[in-house]
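The sequence and structure come before the notes.

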Amino acid sequence: MPIAQRKTSWFAGRSAGFRGVDMEPKRSYRDLWQLIRTAKPSARMLLLGATLSIAGGLGMLAYPLVTKHLIDALNGGGIGVDLTDTIAVLVLVVVGASVVRAAGEYVLSRIGYQIVAELRHALTGKILALPVSSFDEEETGDRVSRVIGDCQTISGLATGQFVGVIRSAIVLIGSIVVLALLDLKLTMIMLTTTLLAFLIILSIVVKLEPLAKSVQGQTAKLSSILTQIFSEIRLVKAFTAEHKEKARCKEVIDSLTVFGCRNMRIISSLEPIRDMALIGCVLIILIYGGTRIGQSDLSVGTLTAFILYIFNIVTPLGQLSNFAAELQRAKGASRRIAEILREQNEYDVSGRNERPASDILEFRDVCFSYKGGRAPVLRGVDLRIEPGTTTALVGRTGSGKTTILSLIERFYVPVKGEITFGGKPITDIDLMTWRKSIGYVSQAASVIPGSVRDNITYGLSRRVSEKELRSAAEKAGALSFILDLPQGFDSMLIEQGNNLSGGQRQRIAIARVFLRNPDFLILDEATSSLDGETEHVVRTALKSLMEGRTNIVVAHRLYTITQADRIYYLEDGEVAGAGTHKELLCSQPGYASLVEHQFQQVREKESA
Ligand SMILES: Nc1ncnc2c1ncn2[C@@H]1O[C@H](COP(=O)(O)OP(=O)(O)OP(=O)(O)O)[C@@H](O)[C@H]1O
């Protein structure tokens with residue numbers, strides 16, 4: 001049965017109506033809105049933050065008016081109660097507005113952090129729920145940059161920018177109304193000059209937008225390259241590729257510098273233009289207003305209020321242009337996040353969730369190709385794996401052995417044919433339950449950064465007693481070297497277990513599977529040979545691990561092959577032969593030559 005299309009994310013079902021290219025801008029806005037809703041910002045806190053912030057903005061609207069009264073009172077020459085009151089009101093308005101506004105900014109920033117956290121939770125949860133195939137298609141660094149950068153951009157827009165734009169609009173409209181009531185002619189002159197200046201500035205600001213996009217893209221690329229280099233540092237050093245990698249980074253870093261310089265060229269040209277425009281506005285109003293004061297047509301207080309209001313008009317206009325640029329950035333970010341959230345979860349499957357009892361695992365005419373791969377990797381594969389037996393998969397490199405293991409783990413779904421367990425499709429069994437019944441020891445014997453204890457108990461949700469832990473380590477032949485480590489089970493292993501030997505890493509991986517106690521054991525045998533003594537310890541541990549389980553082994557060693565109950569010999573994605581070692585030696589010349597070749601190699605390595 002194919003993976004069921006059960007709804008799990010808010011994007012499921014909504015995406016159907018968004019497919020046309022001309023719907024793209026609308027879809028971006030919708031994505032952005034949906035993402036903000038997903039983060040569920042507290043409505044009460046949002047209202048509080050917005051009210052405080054807007055109240056602060058209204059204070060900015062009031063203070064030039066109070067200043068006008070003060071100047072006019074001073075011009076009247078009287079220093080009395082009225083003047084003191086006006087000064088007190090002015091101080092109260094300025095300080096009060098600043099404090100209220102700062103409180104509003106704080107509340108909004110808190111909401112911003114909550115939104116970032118919620119989006120990152122949603123995104124990391126989603127990425128972890130995606131199928132393995134999804135990770136074949138995109139670079140790790142790119143995903144990291146989505147979780148870190150894009151979420152931040154959206155939260156910035158949702159809190160600071162949205163409220164900023166409302167506050168700016170209120171201050172802008174309010175200022176224009178107040179000014180028009182004070183003096184209509186002066187208002188018209190002021191608006192014409194500031195709008196002219198704003199349009200000049202806006203024409204420069206729009207050039208920043210494509211640059212911002214390029215910077216985002218290059219930053220994601222750099223984070224992707226660095227992730228690759230750091231995770232494969234041994235390969236880089238072993239192949240003396242430091243210079244090449246440095247050059248690869250330099251290319252992106254240099255292009256970031258170029259974009260950054262272009263950005264700064266525009267920003268630095270903006271500042272003097274903005275200052276000149278502002279000074280120009282102030283001068284025009286001063287000259288015109290001064291003439292009118294000379295004609296006793298305008299009070300000094302009113303002219304002062306006009307000069308102060310210039311800032312109330314210029315600042316919101318700048319904020320509005322900022323909002324336009326931020327909105328573009330947030331739309332881009334939300335599109336990228338939405339793309340991930342729309343992907344199908346691998347857990348979108350319904351199935352029995354009781355642990356499956358021992359039964360026969362079968363591949364029936366299974367065909368498989370990787371996404372984007374031209375040739376099929378598996379063609380008409382039939383396998384029958386009896387419970388409690390050891391099945392070996394043998395074949396030349398690239399013949400599809402590891403792919404068969406991946407299909408058993410349900411990392412991928414066959415494109416044709418089916419895999420059954422006890423005669424029923426394995427997709428009838430809940431995916432998590434199925435995977436819990438499998439223990440996997442890979443060639444790489446992966447180690448996660450954390451303590452030895454964390455590594456052995458990895459993935460288990462139950463509490464593991466000290467006795468159990470020791471017993472698993474002992475069965476894996478790992479106890480003595482673990483106890484020799486400075487902090488025993490609490491010793492920290494660094495990324496990729498680089499402070500352990502290959503054999504030690506394998507024994508930690510084996511101890512992990514002992515604790516899990518699965519029915520199936522999937523073993524991708526290491527091709528590299530360990531030294532004789534370690535090889536013996538690892539082999540003994542594996543033998544004990546395999547006892548009483550259904551084992552499926554990608555075999556590279558003659559010993560493993562000869563111990564298997566049944567061997568499937570693969571050639572170019574097809575089962576070319578099946579049987580015991582002896583049967584295949586007689587019936588399959590390809591198998592015989594492969595085994596002879598591998599046997600020879602292992603013998604050479606061992607004698608070396
Ligand atoms: N994630 C992937 N995406 C695309 N193609 C893949 C992927 N993994 C493997 N392949 C291709 O599928 C084919 C079979 O690979 P597979 O790893 O199953 O072979 P194998 O028999 O296990 O080889 P080896 O013994 O070298 O590990 C190869 O041609 C390989 O290039």
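The model is predicted. An automatic or database assignment divides the protein chain into domain 1 (15–342) and domain 2 (438–517). Between the centres of domain 1 and domain 2, taken over C-alpha atoms, there are 50 Å.

**Annotated transmembrane regions**

- An unreviewed UniProt entry carries the annotation "transmembrane region" for residues 45–66, 86–104, 162–182, 188–206, 272–291 and 303–325.
- Residues 86–104 are 100% helix and 0% strand in the model, with 26 Å between the end C-alpha atoms.
- Residues 303–325 are also 100% helix and 0% strand, and here the end C-alpha atoms lie 34 Å apart.

**Helices H7 and H9**

- Helix H7 spans residues 208–231 and helix H9 spans residues 242–294.
- The axes of H7 and H9 come within 10 Å and cross at roughly 160°.
- Because angles over 145 degrees count as roughly antiparallel, H7 is roughly antiparallel to H9.
- The crossing of H7 past H9 is left-handed.

**Residues in the H7–H9 contact**

- On the H7 side, the contact residues include Leu208, Leu211, Val215, Leu222, Ile225 and Ile229, along with Gln218 and Lys221.
- On the H9 side, they include Glu245, Arg248, Val252, Ile253, Leu256, Phe259, Arg262 and Ile266.
- The residues of this contact divide into twelve nonpolar, five polar and four charged.

Note on methods:
Residues numbered from 1 in each chain as written. Predicted model: local features only at pLDDT ≥ 70, side-chain atom pairs only at ≥ 80, totals over all residues. Axes fitted to C-alpha atoms, helices over the stretch in contact; angles between N-to-C directions. Helix = DSSP H or I, 4+ residues; strand = E, 2+ residues; numbered from the N terminus. Parallel < 35°, antiparallel > 145°, perpendicular 65-115°, else oblique. Left-handed = near helix turned anticlockwise from the far one by under 90°. Contact = placed C-beta atoms within 7 Å. Nonpolar A, V, L, I, M, F, W, Y, C, P; charged D, E, K, R; others polar. UniProt positions renumbered as here; feature names shortened; annotations may be inferred.
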